[in-house]
Amino acid sequence: MDMDRIDLDSEIGRIGAHIGAQDRRRGLLIPLLHKIQEDYGYLSGEALERLSKKLEMPLSEIYSVASFYHQFYFTPRGRKIVRVCMGTACHVRGAGKLLDNLQQRFNVGIGETTEDMAMTLETVGCVGCCGLAPVITVNEDILGEAGSKNLELLLESIEEDQG
Amino acid sequence: MESLKSIEELRTLRANLKKNTDNSSRKTVKVCCGTACSAMGARKVVSAFEERAADSRKDIEVIKTGCQGLCQKGPVLMVEPHGYFYQKVSHTRVREILSKTISADAPVRRLLYRESVSDDPIEKMDEIPFYEKQVRMVLRNNGLIDPCNIYHYIARDGYSAVEKILADMSPEEVLNEIKESGLRGRGGAGFPTGEKWEVARNAPGRIKLVIANGDEGDPGAFMDRSLMEGDPQSILEGMIICAYTVGASYGFIYVRHEYPLAVKNLRVAIRQAEQLGLLGDNILGTGFSFTVDIREGAGAFVCGEETALISSIEGERGFPRPRPPYPAISGLWEMPTVINNVETLSQIPLIILKGAEYYRSIGTETSPGTKVFALTGKVVNTGLIEVPMGITLREIIFDIGGGIIGGKRFKAVQTGGPSGGCLSEEHLDLPVDFDSLAEVGSMMGSGGMVVMDEDNCMLDIAKFFLSFTQKESCGKCPPCRIGTYQMLQILEKITSGYGEEGDIDRLEAIGNIVKKGSLCGLGQTAPNPVLSTIRHFREEYEEHINDKICKANVCTGIGVYRIEGSECFLCGLCKEVCAHDAVKETITGFYIETDYCTKCKACYTICPVKAVKIGKEVLPWVIPEQCEGCSDCVDACIVHGLKMYKTSKEGIFLPWLEDPDICVSCGKCAAVCATGGIILTIHTEDAKERFLHKRPLGLKVDEKEPPDTCEEEAAEQTGTNATDNEATTR
């Protein structure tokens with residue numbers, strides 16, 4: 001993302017005309033963090049430094065905000081982001097066991113990435129497919145009823161990726 | 001898309017659109033492309049339809065709709081004008097639908113919904129019991145229109161409410177209508193919407209704001225997502241009406257980042273509304289201006305709370321703020337801000353169009369209207385339902401939900417997500433509205449409804465929700481941050497078998513402190529799952545604490561594990577799977593050595609005949625008539641508790657426990673017994689009584705045979721065993 005080309009005034013929307021310059025920059029912080037993450041996959045120190053200059057905000061404050069939200073990551077993430085849904089319905093239908101399986105098979109903890117960057121294992125609150133519990137999401141795709149064959153296929157595709 | 005310059009132009013557009021759809025003889029296939037159906041392959045079905053229809057030159061329209069509700073049976077689709085409702089449609093069935101339904105107007109019988117395999121198929125959507133009792137007001141367009149096509153929305157009376165207020169209603173009249181309707185906020189707390197609007201309207205400030213709250217974070221709830229994905233225009237229309245009433249000119253929709261499809265559809269909806277001139281400057285030439293922007297959350301549950309949401313949009317950490325001042329007076333950037341849940345906003349156009357009186361006629365006196373619930377858990381039909389307020393839980397679970405999976409017994413229903421509580425069987429006939437749920441210690445919440453059967457442990461559920469809120473606590477208020485942690489520790493302790501007397505009182509005491517001492521809704525309601533389960537399922541807590549058992553066999557690390565010899569068919573899987581070598585084999589069967597057992601449940605899970613029992617401790621029960629006096633059980637007893645004793649009958653000896661407290665319920669004695677002379681009983685009190693005072697055949701404990709040679713040694717052994725036992729279980 002080209003930080004210099006972002007026009008802060010147009011980015012904030014029309015409300016920008018009615019709020020102060022500082023509020024305007026602050027209001028853009030989270031949308032811009034999302035943008036950086038979309039482009040690079042995570043929030044690198046270098047990107048945050050540039051953002052800090054752009055928004056004229058101390059780096060410490062940017063970290064303070066970014067670290068509050070679970071969706072922002074400070075380390076590179078795997079090619080496949082595997083999220084195990086830990087919502088109520090999935091919990092009731094055995095998501096915990098599924099997570100244990102994945103952890104053991106790939107030797108990663110929750111929130112960790114395999115060494116070869118093939119996959120990152122995460123948990124998610126609820127993806128809202130409770131009818132299909134237990135649910136796993138892989139990048140943007142949703143894998144329902146992940147107790148069975150579906151899971152094997154996923155595991156194989158990750159292992160293939162690992163080579 | 002040409003911008004509409006006046007109200008008249010919108011009217012003409014709608015009339016034309018309606019005429020076109022009425023006159024159209026085209027057959028329409030409405031495929032549900034909600035998240036659940038998409039996960040099951042709805043997109044493949046859509047592309048198969050498009051390809052095959054083009055191949056066979058059939059003129060059909062394929063519409064990708066939002067959630068149609070019956071997620072369990074996805075992918076689902078509807079064919080119009082016949083109205084046939086097909087479920088579990090795979091893309092390989094498309095050809096059949098085209099040849100039978102599209103060409104020959106006949107239903108594909110095997111895709112129709114059936115209550116059970118042997119029941120007659122049901123052709124139409126409304127005739128399915130799942131839909132029969134529903135009143136679809138919020139979801140009026142969900143599943144019927146393409147959410148990415150504003151013309152579909154307009155053709156179904158979309159933006160008529162905006163047209164009506166801009167043409168003939170003053171903001172005061174709109175406000176009165178909303179107040180009159182008694183609409184209460186659907187986000188959870190149930191604050192009257194009209195009052196909120198009035199405060200904001202009268203608040204000082206040149207610039208006012210409207211925020212639609214779509215930050216749905218409850219585990220097990222997906223109403224808002226389905227609405228934002230399936231009918232985004234209705235939310236925009238509600239926002240426009242709100243803005244007109246309170247005098248706001250800017251709006252935000254705050255959506256979870258985890259809902260990419262909702263974000264996409266909302267963006268499309270805003271763009272189309274702007275192009276048609278329904279958003280932006282000088283809407284329909286009336287001089288009224290209103291713009292809407294989207295703000296994405298970043299995975300913080302607490303941001304669903306209105307003041308935390310404001311902090312998040314302002315670019316701060318998502319901390320809640322003290323109220324008052326309420327956001328309606330001083331909210332985002334200290335401007336008067338109305339924050340409404342997306343479901344609340346989507347009801348607004350309907351109230352304006354049909355009138356407050358009509359709205360009040362649905363639902364109950366204090367909670368008019370309908371509520372959308374996400375019905376999940378152990379019910380046959382999971383999915384999205386909309387019911388009038390005041391319907392009973394029984395109707396929802398058994399009539400709409402189709403009862404409990406596998407014919408099991410209903411145990412509890414959890415309403416309101418992490419802020420709500422668990423209700424037991426006695427509340428099944430409770431009418432569901434804001435006040436009645438609050439009375440029994442639960443709440444409406446955003447509308448998650450999770451059904452549980454006898455296999456669910458209420459402590460486990462309480463622990464699940466509490467660990468969620470504990471993790472999501474923002475940390476601002478110590479009672480919430482520390483209190484939830486402490487409560488979780490106590491629950492953890494109880495469910496691992498170390499519960500103590502007084503733990504329940506401690507949980508209640510801390511829970512009440514957390515409720516009183518927290519600033520925002522998250523902390524004020526976080527103890528609810530625990531407090532409500534204590535209130536309605538106290539005996540289950542007591543069982544875990546006093547008897548150290550979990551009847552549902554969910555909690556690991558609690559209870560005594562043993563293999564029931566009479567049910568075991570000696571496959572040996574339990575021995576194989578045990579990582580700690582606790583399952584031992586004897587000539588007649590398997591038993592679990594309690595010293596080694598870590599209660600990991602591996603054997604319990606793998607046993608094909610469910611012969612592994614978790615329960616209270618058991619004691620041996622000697623049946624004199626069957627005992628042959630071989631003393632195998634005495635040799636087998638791992639704590640050297642069983643010994644042979646003389647009876648008053650000449651030459652007859654019986655195994656007996658002088659001190660029943662020594663027994664560790666390993667069951668080895670019964671496992672080695674070849675004649676059935678010694679069995680296990682869970683009635684330990686009776687067995688103890690018999691061992692101590694009701695000895696059969698005049699058995700005398702002071703006369704042993706063979707004479708005891710190592711009494712001291714045995715006693716010592718028991719002592720060490722007991723301590724070992726404790727040490728390993730710790």
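This is a predicted model: local features need pLDDT of at least 70, side-chain atom pairs count only at pLDDT 80 or more; totals for chains, interfaces and linings use all residues.
Local features need pLDDT of at least 70, side-chain atom pairs count only at pLDDT 80 or more, and totals for chains, interfaces and linings use all residues. Residues are numbered from 1 along each chain as its sequence is written, chains are lettered from A in the order in which they are written, and side-chain values use heavy atoms, without hydrogens and water.

**The two sheets**

Some terms come first. Helices (H or I, at least four residues) and strands (E, at least two) are DSSP runs, numbered from the N terminus. Two strands pair if DSSP finds at least two bridges between them. Contact, or touching, means heavy atoms within 4.5 Å. Axes are lines fitted to C-alpha atoms, for helices over the stretch in contact, and angles run from 0 to 180 degrees between N-to-C directions.

Chain A holds an open sheet of four strands with mixed pairing, in the order 2-1-3-4. Strand 2 (119-124) and strand 4 (141-143) of chain A stand at its edges; each has a single partner strand, so one side of each lacks a neighbour in the sheet. Neighbouring strands here are turned by 25 degrees against each other on average, direction ignored. Strand 1 (residues 80-85) and strand 3 (residues 136-138) of chain A run antiparallel, joined by three bridges. In this pair, A:Arg83 stands opposite A:Thr137. Helix 6 (residues 95-106) of chain A packs on the sheet and touches strand 1, strand 2 and strand 3 of chain A.

Chain B also has an open sheet of four strands, with the order 2-1-3-4 and mixed pairing. Strand 2 and strand 4 of chain B are at the edges, each with a single partner strand, so one side of each is left without a neighbour in the sheet. Strand 1 and strand 2 of chain B run parallel, with six bridges between them. B:Val31 faces B:Lys64 across this pair, standing opposite that residue of strand 2.

Helix 3 of chain B packs on this sheet, touching strand 1, strand 2 and strand 3 of chain B. Helix 4 of chain B packs on the sheet as well, touching strand 1, strand 2, strand 3 and strand 4 of chain B.

| Helix 6 of chain A | Strand 1 of chain A | about 150 degrees |

**Buried parts**

Buried means under 20% relative accessible area, exposed over 50%, and partly exposed in between (1.4 Å probe, protein chains only). In helix 4 (residues 94-104) of chain B, the buried residues are B:Val94, B:Glu96, B:Ile97, B:Leu98, B:Thr101 and B:Ile102. Their cover includes helix 3 (42-55) and strand 1 (27-32) of chain B. B:Asp105 follows helix 4, with a positive phi near 55 degrees.

Further along chain B, strand 9 (residues 370-377) runs antiparallel to strand 10, with six bridges. A hairpin joins the two through five residues. B:Lys371 stands opposite B:Val387. Five of the six residues of strand 10 (residues 383-388) are buried, so this strand is largely enclosed by the rest of the structure.

A nonpolar core is a set of buried Ala, Val, Leu, Ile, Met, Phe, Trp, Tyr and Cys residues joined through side-chain atoms within 4.5 Å. The largest has 106 residues; A:Ile136, B:Tyr159, B:Leu236, B:Met239 and B:Phe290 touch the most other members. Helix 11 (residues 232-246) of chain B gives the largest share, nine residues. Apart from this core lies another of 59 residues, including B:Cys32 and B:Leu375.

**Between the chains**

Two salt bridges are counted between the chains, each a side-chain nitrogen of Lys or Arg within 4 Å of a carboxyl oxygen of Asp or Glu. A:Arg14 forms a salt bridge with B:Asp281, the closest N and O atoms being 2.8 Å apart.

A:Arg26 sits in helix 2 (residues 21-40) of chain A. A:Arg26 is buried, at 16% relative accessible area. Its contacts include A:Glu61, B:Glu314 and B:Glu316.

Note on methods:
Lists of a residue's contacts leave out its neighbours within four places in sequence.
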